[in-house]
Amino acid sequence: MEYYQLQTDREEIPVQIIRSSRKTLGLEIKNRQVIARIPAYLPEEAAEDFIRQHREWIVKKLDICRERQESPDQPRLPNRPLTHRELAAVRNAIGQRVAYYARIMGVTYGRITIRDQKTRWGSCSSQGNLNFNYRLYFLPGELMEYVIVHELAHRRHMDHSRAFWAEVERYCPDYRQYREELKRIHIEG
């Protein structure tokens, strides 16, 4: 088995690397074990960079696992926030960033819904209602903010035209990089 030792401020975390014919990079935590699913062709250094870039996500997820273990009376639903407090934290964090970007972008929005989505990070309806995948909360902040800006830009352009991407770039100049990073992250369900 291949492992990478991820160094954090508090500890060293062993990350099991599983290589396969997949095209995307993915991270998951099973039984408090961090697993990185990596394409077979990807160089070792690139795999390690991917793991290091998601250090914050890994630490947050392991903290939640530890918290659940210390509170055995909490219901166990895999891969989703389990407590009202966790869900409130997700709603609050995403809601604050939506309000901030809507204000500076000069757009309005309707209802914000946090969902357990398997294939999408976010969406915007023609009525201006916004849906976000709760997993955004566990990603690096710049990726979450890119998704928020992307969905709010749909309040001006309900398509992916040049004008839409120009609007995204105005508020998120590095959106191309973040878009590529999100494509490489497999949403584990």
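I began with my angle classes: under 35 degrees counts as roughly parallel, over 145 as roughly antiparallel, 65 to 115 as roughly perpendicular and the rest as oblique. I am working on a predicted model, where local features need pLDDT of at least 70, side-chain atom pairs count only at pLDDT 80 or more, and totals for chains, interfaces and linings use all residues. Residues are numbered from 1 along each chain as its sequence is written, and side-chain values use heavy atoms, with hydrogens and water left out.

Entry one, a helix pair. I looked up α5 (residues 162-171) and α6 (residues 175-184), whose axes come within 9 Å and cross at roughly 100° (axes are lines fitted to C-alpha atoms, for helices over the stretch in contact, with angles from 0 to 180 degrees between N-to-C directions). The two helices, α5 and α6, are therefore roughly perpendicular. Helices (H or I, at least four residues) and strands (E, at least two) are DSSP runs, numbered from the N terminus. In contact (heavy atoms within 4.5 Å), I found W165, V168 and E169 of α5 meeting Y175, R176 and R179 of α6.

Entry two, the sheet. I traced an open sheet of three strands, ordered β5-β7-β6 with mixed pairing (strands pair if DSSP finds at least two bridges between them). Because β5 (112-115) and β6 (122-124) each have a single partner strand, one side of each lacks a neighbour in the sheet. I noted that β5 and β7 (residues 130-133) pair in the parallel sense over four bridges, with R115 bridged to N133 in β7.

Entry three, its cover. I saw α3 (residues 84-105) lying across β5 and β7, at about 135° to β5.
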